[in-house]
Amino acid sequence: MTQIATVTALPAASGGQVEVTVARQSACSHNCESCGGCGGRTMELVVHAVSDIPLALGDRVEIYSGNKVLGAAALVYLGPVVLFLLGYLLTPSLAEGTRYLCAGLGFLLGLAGAVGCDRWTRQRSGVAYRVTRKL
């Protein structure tokens, strides 16, 4: 997955990690005049990226974060929903209220799995970013 970022801090030694600011991507284009939307601000994320390219402060760069991000997003969004449906659909012999309870427990189990995956990823150095090119 590639994103556009701005260099905000340089390493002390060449070839190190640079600090970049990435605008979080969303479905909102922040063109509120045309859609009459909420007028919300763009959220920014500060990350460290490995760079072999000589950079200066303020440079716009393209960073690559690998496919780990997509896998984590699938777990966070799909895990609770799939476990909710499984909790409901795999218990047809139980009373309706009990099926709802199983579905709710499946959803909570999916959320707990997503939180656990997030903590595990952060402890193992998180997502690795690499500067691919200067724009």
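Does Tyr-100 count as buried, partly exposed or exposed, and at what relative accessibility? At 52% relative accessibility, Tyr-100 counts as exposed, where buried means under 20% relative accessible area, exposed over 50% and partly exposed in between (1.4 Å probe, protein chains only). The model is predicted, so local features need pLDDT of at least 70 and side-chain atom pairs count only at pLDDT 80 or more, while totals for chains, interfaces and linings use all residues. Residues are numbered from 1 along each chain as its sequence is written, and side-chain values use heavy atoms, with hydrogens and water left out.

The buried residues of H3 include Arg-99, Ala-103 and Gly-106.

Tyr-100 also belongs to the 1 aromatic pair of the structure. Its ring and that of Tyr-88 have centres 5.9 Å apart and planes at 10°, so the pair is stacked (rings of Phe, Tyr and Trp, the last by its six-membered ring, pair with centres within 6.5 Å; planes under 30 degrees apart are stacked, over 60 edge-to-face and the rest tilted). Because Tyr-88 lies in helix H2 (residues 68-89) and Tyr-100 in helix H3, the pair ties together parts 12 residues apart in sequence. Tyr-88 is partly exposed, with a relative accessible area of 22%.

Arg-99 meets this pair too: its charged end sits over the ring of Tyr-88, 4.0 Å from the centre (NZ of Lys or CZ of Arg within 6 Å of the ring centre and within 35 degrees of the ring normal). Arg-99 is buried at 12% relative accessibility and forms a salt bridge with Glu-96, with the closest N and O atoms 3.9 Å apart; a salt bridge is a side-chain nitrogen of Lys or Arg within 4 Å of a carboxyl oxygen of Asp or Glu.

The count comes to 4 salt bridges. Among them, Asp-59 pairs with Lys-134 at 3.4 Å, linking the loop between strands S3 and S4 to strand S5, 75 residues apart. Glu-62 and Arg-133 meet at 3.3 Å, N to O.

Conventions: Helices (H or I, at least four residues) and strands (E, at least two) are DSSP runs, numbered from the N terminus.
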